[in-house]
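Grab your viewer and let's work through a few exercises on sheets and chain contacts. Try each task yourself before reading its solution.

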Amino acid sequence: MVNKASRPTDSMIGRDNWNIQLDCNGKLKHFLTIEGLSTELLISILDTAESFANINAKSVKKVPLLRGKTIANLFFEASTRTRNTFELAAKRLSADVLNVNISASATSKGETLMDTLHNLQAMQCDMFVVRHNASGATHYIANRVAPGISVINAGDGSHAHPTQAMLDMFTIRRNKGDNFGQLRVAIVGDVLHSRVARSQIHALNILNTGNIRVIAPRTLTPIGIEDMGVEVFHDFDEGIRDADVIIMLRLQKERMQGALLPSEQEYYQMYGLSRERLRLAKPDAIVMHPGPINRGVEIESSVADGPQSVILDQVTNGISVRMAVMSMVLGREPETDKGEKS
Amino acid sequence: MVNKASRPTDSMIGRDNWNIQLDCNGKLKHFLTIEGLSTELLISILDTAESFANINAKSVKKVPLLRGKTIANLFFEASTRTRNTFELAAKRLSADVLNVNISASATSKGETLMDTLHNLQAMQCDMFVVRHNASGATHYIANRVAPGISVINAGDGSHAHPTQAMLDMFTIRRNKGDNFGQLRVAIVGDVLHSRVARSQIHALNILNTGNIRVIAPRTLTPIGIEDMGVEVFHDFDEGIRDADVIIMLRLQKERMQGALLPSEQEYYQMYGLSRERLRLAKPDAIVMHPGPINRGVEIESSVADGPQSVILDQVTNGISVRMAVMSMVLGREPETDKGEKS
Amino acid sequence: MVNKASRPTDSMIGRDNWNIQLDCNGKLKHFLTIEGLSTELLISILDTAESFANINAKSVKKVPLLRGKTIANLFFEASTRTRNTFELAAKRLSADVLNVNISASATSKGETLMDTLHNLQAMQCDMFVVRHNASGATHYIANRVAPGISVINAGDGSHAHPTQAMLDMFTIRRNKGDNFGQLRVAIVGDVLHSRVARSQIHALNILNTGNIRVIAPRTLTPIGIEDMGVEVFHDFDEGIRDADVIIMLRLQKERMQGALLPSEQEYYQMYGLSRERLRLAKPDAIVMHPGPINRGVEIESSVADGPQSVILDQVTNGISVRMAVMSMVLGREPETDKGEKS
């Protein structure tokens, strides 16, 4: 019952159009969810990100691609890493960034969310980067903004976190090559509440990953998750065996109430990634985590900082992937100009 | 007595020079109040804003006019819309923007306001954009800053909000043409506490508006307002008749104490703009509001979102008008160089 | 005992490498403390700042020196002046600035300081500007960041504030010429708790100042301060005699607990700089203060605003000096490229 209640509320957002991510040319217009995107599109995001990775490694980390564009950061939920990487991605693309202070915003004077958004739209913003604690919030917004505005989902409730999933795919490809069919990928922890896990599973499926495993306590395993094409394990030692990629999830302590979990110590015993447990995976397995990490809760410090960890590479790659998505979304040919150029 | 007490405190600022807005060439140096400016100057602001409106509609919304200039935003009073549009205007002019966090500023360490300002001045800021809850605060500051610095009033107490008034004039001109002599303009609501209304009335007068009406409850009508050349109504149905432009004011709930007003419901009955009431105006009348709107208090939702509403256009125009004022003020020839060029 | 306890905790940071400020070419890589730097290096900072002072006096205050570099401001302790001047210095060098909101940062989700820093490092920041209330914090960080990142100390506990000291030297040189050997410089006030005083004394010594005096109550005089080559006075009237430069320190009320001090009034009587007292110094003596000033506590208003005061010049010079340090630190030839260019 708990599981059911906390699954993404499709009914809430069911009245909206879910196929709004692509424009009539099939180009990415919004980036709200991985679900329903094609293999080609995901690969083109990864390839574009690769070119930005080269720029970010240079001494002058800046290109004039989005000069004169205005990007508004709307974080209704606290975030450091994601917010900072989106801001840096925008600045390295030479866009103007407006950090909207939500708590001080007019919503505190009784203005509605949509009035706030319509005002930002009237300020001729080109893109809203939105994080919200309600699942489906970014779809809701994307369905209501003016045609010229793109919406990027920076995490909505327990629904989706598509740029996180793409930076994870980018990190896997950089370490394991582009043949996802050969890979065994294990996602470990609080899958039930994790928008990151949902988006990762969609992306891994679309990239034709050979074997996707979910390792979680029964109370934190979404009902019907097998339908997403994953193998479910409740025993970590069993699930980690021969894995090429181990993705640890953050234990969302703030999200959990009541008796879903034993103590942190017990959790670590059963679902924490220790050096010992890591030996059960492939010797060259990589360890990932979206951060911020809870040392000693879901991961041992020596693993997080160890040679198999690519956790900080994920942060670096986050900027390249966000630059890729932002430039693809805003760099499209205007739909209204179609056919005009010859 | 209430009215008298809350009128702009001319005595407070009387010792200062009120004619400091223009430099010795008659060019705009500060922008503090509409009062005393010439018709030609207001029209030149509107014409300059028109050219920026074209830039803001383009794909690359940026010009290098104020590159290398430093603009400090000093908001002693909360604001979203005004603050964001000033920030975007500055960025689209390529200026560097410093958002001074007032609450965290050294004033909390016991530093005086003027010490804070002198420090920002010593940082070679070129412009202060100031919002303050004290009437006359921006004049006070403009009289005390170094000669090289321009001060823009972003709203001071119940005194003035000149950029808001100019964006309203711009919106009226774009919709109704430049013959203000033919127009009937009604300003409705809490006129007593409204710096917006005061600045609008001055601007409408300077632009030779045919008929300016003020519609307000007796308790919210400033004593002697007729001397500003307006017609006063206490009955909305009567005052709205045949109006070309209806400017609704925000009900400043936070400003009102005691028994100035009946309940919100009663207020809406008497001074709210409903669809029904709007029919009494000209069929092509436009509806304006400085925002944020209180839906169902001073305006019906279907009117705010309806075909006659230009409320969001006002926001868009606010950026163009602020770019115009900023560029005019900072783009002047240096006074000390007079005669040197030949 | 109090004095001893509050002296910089060398033991705390003793395990770290203190000679990390210079790279293997002897160029400035971090800027953490004045201690141990050469006369030549300090002079080259002052000379570089001189060229930026010219730029800051121009109409277009911007150079493309650090275009495409990312600078993160990490202020763990409140600051207005220092933070704003660092931000403006970075922007006038065309760098991208990331203001990290520490209180909202992931550390509030239980992330450690080093995890937060490693994440910013992974975002390919080029420089951390750090203020922290723990003495030695910036050394701690500089010892642990990746080789490509520079750390600038913007004030750490009661240890050091090197950019403040250099802007003070710059102000002295601009007013008194470059022969520091002829100068008598008095530092007055709460020397015990002052990172500013410590850094100033080091800088004055390295620049071979003729006579450095410290004037402080016994309870606010660090034990063994004479070993730093200064003359100690507890009587202001005696210590100020024939001084060329008088540097007043801020009375750090918030730092002091218990009975170290008499009342503010008594403090002002004994250690406040009044006009009368100033007459005991050289007639052309300059008066300095790092700000924010406590008027009537450590300095009389008419002195702070008087003709001998250069307090606001210090603020202006702060930007030039910070631009100098930032550009020297980030403008070095990469160490790995040594010998490659021909």
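Two strands pair if DSSP finds at least two bridges between them, and strands (E, at least two residues) and helices (H or I, at least four) are DSSP runs, numbered from the N terminus. The model is predicted: local features need pLDDT of at least 70, side-chain atom pairs count only at pLDDT 80 or more, and totals for chains, interfaces and linings use all residues. Residues are numbered from 1 along each chain as its sequence is written, with chains lettered from A and ligands numbered from 1 in the order in which they are written.

**Exercise 1.** Work out the strand order of the open five-stranded sheet in chain C.

Solution. Step one: the order reads S7-S6-S5-S8-S9, with parallel pairing. Step two: S7 (231–233) and S9 (286–288) of chain C each have a single partner strand, so one side of each lacks a neighbour in the sheet. Step three: zoom in on S7(C), which pairs with S6 (211–215) of chain C over three bridges, in the parallel sense. There, C:Val214 stands opposite C:Val232.

**Exercise 2.** Describe the side of chain A that touches chain C.

Solution. Step one: call two residues in contact if their C-beta atoms, placed from the backbone, lie within 7 Å. That gives 20 residues from chain A and 18 from chain C. Step two: helices H4 (81–92) and H13 (311–330) of chain A give two or more residues each to chain A's side, and H4(A) gives the most, with six.

**Exercise 3.** Now do likewise for chain A against chain B.

Solution. Step one: 17 residues of chain A contact 20 of chain B. Step two: strand S2 (96–99) and helix H5 (113–122) of chain A each supply at least two residues of chain A's side; H5(A) gives the most, with four.
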